Amino acid sequence: MSAGIRLVLVRHAKSDWGDAALSDHDRPLNDRGMRDAPAMADRLARTGFRPDVIIASTALRARTTAEAFAAALGTAVSLDHELYGATAAMLWAKAEATGARSVLVVAHDPGMTVLAERLSGDGIGHMPTCAVAAFAWDDDDWDVAGASAPASWTFDSPR
């Protein structure tokens with residue numbers, strides 16, 4: 001990806017529903033999630049993308065997914081409790097608020113799917129767990145990017 005605004009959306013990897021005593025916020029990744037997160041992170045790293053910032057929901061499954069991407073991409077994770085259950089508009093606003101030109105966001109559905117659909121012109125359907133949607137704009141201004149279609153986008157999922 002060349003210069004300009006870059007936004008990568010990563011839906012958290014598959015979580016474990018096995019312990020009914022855990023709150024939704026505290027659910028860990030299951031075996032598939034523990035396999036998919038580093039694999040998808042490595043696939044993204046091989047594209048040459050290096051975010052300036054990684055922001056993630058505070059939910060355990062999102063934090064763990066974000067840490068796998070952080071390890072592969074060499075970028076620290078910043079946790080934001082407002083990304084837990086965030087709408088598409090909130091996800092965009094949080095990415096924009098970083099002020100960074102390249103941002104990776106790890107969060108949850110339905111907000112991730114709604115934002116990915118909106119940015120791709122409905123080219124991306126549902127964002128399955130650990131899916132990666134990358135968007136690029138030629139302009140360096142988030143306001144301009146927010147008002148225009150991306151110059152390019154890609155989508156990848158573990159399935």
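A search of the whole structure finds 3 aromatic pairs, where the rings of Phe, Tyr and Trp (its six-membered ring) pair if their centres lie within 6.5 Å. The structure is a predicted model, in which local features need pLDDT of at least 70 and side-chain atom pairs count only at pLDDT 80 or more, while totals for chains, interfaces and linings use all residues. Residues are numbered from 1 along each chain as its sequence is written, and side-chain values use heavy atoms, with hydrogens and water left out. Helices (H or I, at least four residues) and strands (E, at least two) are DSSP runs, numbered from the N terminus.

**Aromatic cluster**

- The rings of Trp92 and Trp137 have their centres 5.5 Å apart and their planes at 75°, so this pair is edge-to-face; planes over 60 degrees apart receive that label, those under 30 degrees count as stacked, and the rest are tilted.
- Trp92 belongs to helix α3 and Trp137 to the loop between β5 and α5 (142–146), so the pair ties together parts that are 45 residues apart in sequence.
- Trp92 counts as buried at 12% relative accessibility, and Trp137 counts as buried at 2%. Buried means under 20% relative accessible area, exposed over 50%, and partly exposed in between (1.4 Å probe, protein chains only).
- The ring centres of Phe135 and Trp137 lie 6.5 Å apart with the planes at 35°, so this pair is tilted.
- Phe135 is buried, with a relative accessible area of 0%.
- Trp92, Phe135, Trp137 and Trp142 are linked into a cluster by ring pairs.

**Helix α4 and Thr113**

- Helix α4 is mostly covered, as 7 of its 10 residues are buried: Gly111, Met112, Thr113, Leu115, Ala116, Leu119 and Ser120.
- These buried residues of α4 pack against β1 (6–11), α3 (88–97), β4 (102–107), β5 and β6, where contact means heavy atoms within 4.5 Å.
- Thr113 is found in α4 (residues 111–120) and has a relative accessible area of 8%.
- Not counting residues up to four places away in sequence, Thr113 touches Gly125, His126 and Met127.
- A polar atom of the Thr113 side chain lies 2.9 Å from the backbone nitrogen of Met127. A polar contact is a pair of N or O atoms within 3.5 Å; within protein, one must be able to donate a hydrogen and the other to accept it, and residues adjacent in sequence count only if both atoms are side-chain atoms.
- Just after α4, Gly121 takes a positive phi of about 65°.

**Largest pocket**

- The largest pocket has a volume of about 180 Å³. On a 1 Å grid over the protein atoms alone, a pocket is an open set of points where a 1.4 Å probe fits, with protein on both sides within 12 Å along at least five of seven lines. Grid points are joined across faces, edges and corners, and the volume is the space filled by probe spheres set on the points.
- The lining consists of 11 residues, of which Leu44, Thr47, Val132, Ala134 and Thr154 lie nearest the centre of the pocket; lining residues have an atom within 4 Å of a point.
- At least two residues of this lining come from each of α1 (31–45), β5 (132–136) and β6 (152–156).
- The lining divides into 7 nonpolar, 2 polar and 2 charged residues. Ala, Val, Leu, Ile, Met, Phe, Trp, Tyr, Cys and Pro count as nonpolar, Asp, Glu, Lys and Arg as charged, and the others, Gly among them, as polar.

- Ser15 is found in the loop between β1 and α1 and counts as buried at 5% relative accessibility.
- The side chains of Ser15 and Arg27 are joined by a polar contact of 2.2 Å.
- Beyond four places in sequence, Ser15 touches Arg27, Pro28, Leu29, Asn30 and Arg61.
- Ala66 lies in helix α2 (residues 60–73) and is buried at 0% relative accessibility.
- Leaving aside neighbours within four places in sequence, Ala66 is in contact with Ile54, Ala56, Val77 and Val106.
- The C-alpha atoms of Ala66 and Ser15 are separated by 13 Å, and the two residues are 51 residues apart along the chain.

**Asp52**

- Asp52 is placed in the loop between α1 and β2 (53–56) and counts as partly exposed at 48% relative accessibility.
- The side chain of Asp52 has a polar atom 3.3 Å from the backbone nitrogen of Arg101.
- Asp52 touches Thr75, Ala100, Arg101 and Ser102, not counting residues up to four places away in sequence.
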